[in-house]
Amino acid sequence: MQNILRSVINIPASGYVGVFPLHKSMMSQFVAPVEASIRQKLTSQLQTTHLEIINESYMHNVPKNSETHFKVVVVSNKFADLPLIKRHRLVNDILKQELNSGVHALSIIAKTPDQWNSSEQTEPSPNCRGGFGK
């Protein structure tokens with residue numbers, strides 16, 4: 001199993017909010033401040049109905065517990081009537097501070113609730129090729 005720090009928030013119509021860490025061994029000791037900031041900003045500004053934040057830093061040549069490479073799966077009604085490029089720009093604008101202060105890469109999947117199928121699997125990102133396509 002990959003050593004991945006990933007958590008999911010589902011906010012169904014019932015209003016129940018659940019946080020489900022998927023890698024138990026890392027959750028007790030490590031506090032991820034960048035991930036927490038990303039979660040807080042996207043949740044509050046986009047009123048997300050589904051949010052996955054996947055720290056993919058372990059796939060790159062960075063120190064242990066780095067928070068430099070993320071994939072986010074964001075589902076929000078705020079994306080209705082927005083083309084994909086504007087959805088990505090909106091997420092990038094919300095996370096401008098993180099992108100300017102250490103987050104090197106951000107992969108974004110941005111969908112409306114109607115487009116989101118909760119049984120969808122988020123595809124893993126490809127392995128790092130060293131930054132120069134080697």
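Hi everyone. Two strands count as paired if DSSP finds at least two bridges between them. Keep that in mind as we look at this structure, which is a predicted model.

Let's begin with strand 3. Six bridges join strand 3 to strand 4, and the two run antiparallel.

Now, which way do the residues of strand 3 point? His-50, Glu-52 and Ile-54 point one way, while Leu-51, Ile-53 and Asn-55 point the other way, and all are buried. With six of its six residues buried, strand 3 is therefore largely enclosed by the rest of the structure.

In soluble globular proteins, nonpolar side chains tend to be buried together. Here the largest nonpolar core has 15 residues, and the ones touching the most other members are Ile-38, Leu-42, Leu-46, Val-72, Val-74 and Val-91. At least two residues of this core come from each of helix 2, strand 3, strand 4, helix 3 and strand 5. Take Val-91 as an example: leaving aside residues up to four places away in sequence, Val-91 touches Leu-42, Leu-46, Val-72, Phe-79, Leu-106 and Ile-108.

Finally, how do helix 2 and helix 3 meet? Their axes come within 10 Å and cross at roughly 125°, so helix 2 and helix 3 are oblique to each other. The crossing of helix 2 and helix 3 is right-handed. Helix 2 makes the contact through Lys-41, Leu-42, Gln-45 and Leu-46, and helix 3 through Leu-90, Val-91 and Ile-94.

Definitions and conventions. Residues are numbered from 1 along each chain as its sequence is written. This is a predicted model: local features need pLDDT of at least 70, side-chain atom pairs count only at pLDDT 80 or more; totals for chains, interfaces and linings use all residues. Side-chain values use heavy atoms; hydrogens and water are left out. A nonpolar core is a set of buried Ala, Val, Leu, Ile, Met, Phe, Trp, Tyr and Cys residues joined through side-chain atoms within 4.5 Å. Buried means under 20% relative accessible area, exposed over 50%, partly exposed in between (1.4 Å probe, protein chains only). Helices (H or I, at least four residues) and strands (E, at least two) are DSSP runs, numbered from the N terminus. Contact means heavy atoms within 4.5 Å. Axes are lines fitted to C-alpha atoms, for helices over the stretch in contact, and angles run from 0 to 180 degrees between N-to-C directions. Angles under 35 degrees count as roughly parallel, over 145 as roughly antiparallel, 65 to 115 as roughly perpendicular and the rest as oblique. A crossing is left-handed if the near helix is turned anticlockwise from the far one by less than a right angle, and right-handed if clockwise.
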